[in-house]
Amino acid sequence: MSEKKRRRGDAGPSALGKKSRPASRAEELRKQLKPDADILASVLKMCAASKAAPSSSKTLTLCDLNLSSACREVSDRDSSSVLLSIERAALDAAFSILSGSGFSFDVPSRSSSNQLYVPELDRIVLREKTSSRPFASLSTVRKATITARVLSLIHAVLRRNIHVTKRDLFYTDVKLFQDQTHSDAVLDDVSCMLGCTRSSLHVVASEKGVVVGRLVFYDDGDRIDCTKMGIGGKAIPPNIDRVGNIESDALFILLVEKDAAFMRLAEDRFYNRFPCIIVTAKGQPDVATRLFLKRMKTELKLPVLALVDSDPYGLKILSVYMCGSKNMSYDSSNLTTPDIKWLGVRPSDLEKYQIPEQCRLPMTDQDVKAGKDLLEEDFVKRNEGWVEELEAMVKTRQKAEIQALSSFGFQYLTEVYLPLKIQQQDWL
């Protein structure tokens, strides 16, 4: 060793007099991590509690509750019964026309005023209220025509025993529908009218959600091992009916809001370090992803932990998974997974993990309004932890994306943040 190098290592008076550089908050948090075996032990306890919970209590349904107003729910129905319902509707319309009365459809109202949050079920349901959609009225003639056309198309699809996408449905009559949002909305109306789930109509959305990790299932007879799907994961089938024989040795399901965080977790093989299944719908959840999550939760009995952005829209997305969307409240019993745990990113994490100011984003007036609106929702009010976090977010007017954690290193999310979150479990 040269004299110059030895001097650098000497702790002489001048060296002792200098203050050592303080460790960053990120380094401090890294040092707080326990061995993986200790973290896994706490996860095992959480997993065991989740598996034991369903056997201790009966799952409540709307029929078990004495609600002040009647509510409407749909169920899965076979093709023959749905076909029969459509044919009855067509005959009713024909008889009405022949009698000189014209025809109309009685359509369940899916407006916000007709929604009801049921605390006992922890989800949104649809009240039993309908509105008339007559063909002879100028204000409803177009919607009545679209309704008749959608019923006709669904009848043809069911008779052929095939599945089509919502986009396929739209392109059968572009001039009538004009915009896919119009045909999509009427499709939900028809599903609600007939009392069946949208999948019972054999109309599905295009593939959107993906899954990776410790999961094996069969997709239309093909064995799918999700540990071998690479960083892109396996697309969740739009027709969940073709999924079977779900198996897993995971300890939890990690629900991720965005594709970028999903890819980071998949590339780092986070599911091998902490046995889990990782799912994302790449933003606002589609029906197939919600159905798939509900099915995994039901069959595997695993806890579900959610990783979303620290902003009102991240929580809105999480609330759709948990309580359902108002647009599809008629099918909330099939689409919701109520007991999801909000792991992060929480507004309190911005200070706790000292996210740099340049990585935080100012909330717009629209963001603040969305946060305040969430605070008025019944499902938020019953959760003190959510209220505290949302109030802090609105007060500071700051938000942050999951990717803000990359300011400490591209793998900080998988190497420090998530393991420490799972270790501390202060979000439970």
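This is a predicted model: local features need pLDDT of at least 70, side-chain atom pairs count only at pLDDT 80 or more; totals for chains, interfaces and linings use all residues.
Residues are numbered from 1 along each chain as its sequence is written, and side-chain values use heavy atoms, with hydrogens and water left out.

View 1. Helices (H or I, at least four residues) and strands (E, at least two) are DSSP runs, numbered from the N terminus. Two strands pair if DSSP finds at least two bridges between them. Strand β8 (residues 210-213) runs antiparallel to strand β14 (residues 276-280), and four bridges join them. V210 has T280 as its bridge partner in β14. Axes are lines fitted to C-alpha atoms, for helices over the stretch in contact, and angles run from 0 to 180 degrees between N-to-C directions.

**View 2. The annotated stretch, residues 252-422.** UniProt positions are given in the numbering used here, feature names are shortened, and annotations may be inferred rather than shown by experiment. Over residues 252-422 the chain is 50% helix and 13% strand. The end C-alpha atoms of this stretch are 11 Å apart.

**View 3. Helix α6 (residues 141-160) crossing helix α9 (residues 180-194).** The two axes come within 9 Å and cross at roughly 70 degrees. α6 and α9 are therefore roughly perpendicular. Angles under 35 degrees count as roughly parallel, over 145 as roughly antiparallel, 65 to 115 as roughly perpendicular and the rest as oblique. The crossing of α6 past α9 is right-handed. A crossing is left-handed if the near helix is turned anticlockwise from the far one by less than a right angle, and right-handed if clockwise. From α6, R142, I146, T147, V150, L151 and I154 meet H182, V186, L187, V190, M193 and L194 of α9. Contact means heavy atoms within 4.5 Å. By class, this contact has nine nonpolar, two polar and one charged residues. Ala, Val, Leu, Ile, Met, Phe, Trp, Tyr, Cys and Pro count as nonpolar, Asp, Glu, Lys and Arg as charged, and the others, Gly among them, as polar.

**View 4. Helix α13 (residues 312-323) against helix α18 (residues 384-396).** Their axes are 11 Å apart, and the packing angle is about 155 degrees. α13 and α18 are therefore roughly antiparallel. Their crossing is left-handed. P312, L315, L318 and M322 of α13 make the contact with W386, L390 and M393 of α18. The contact has seven nonpolar, no polar and no charged residues.

**View 5. Helix α16 (residues 365-375) against α18.** The axes come within 10 Å and cross at roughly 155 degrees. α16 and α18 are therefore roughly antiparallel. The crossing is left-handed. V368, G371, K372, L374 and L375 of α16 make the contact with V387, L390, E391 and V394 of α18. By class, the contact divides into six nonpolar, one polar and two charged residues.

**View 6. The β9-β10 hairpin.** Strand β9 (residues 216-219) pairs with strand β10 (residues 222-225) in the antiparallel sense, over four bridges. The bridge partner of D219 is D222. Two residues lie between the strands, and D220 in the turn has a positive phi of about 55 degrees. β9 also pairs antiparallel with strand β12 (residues 243-247), over three bridges. Y218 stands opposite G244 in β12.

**View 7. Two loop details.** The peptide bond from G344 to V345 is cis, with omega near -5 degrees. V345 sits in the loop between β16 and α15 (349-352). N161, not a glycine, has a positive phi of about 55 degrees. N161 is in the loop between α6 and β6 (164-165).
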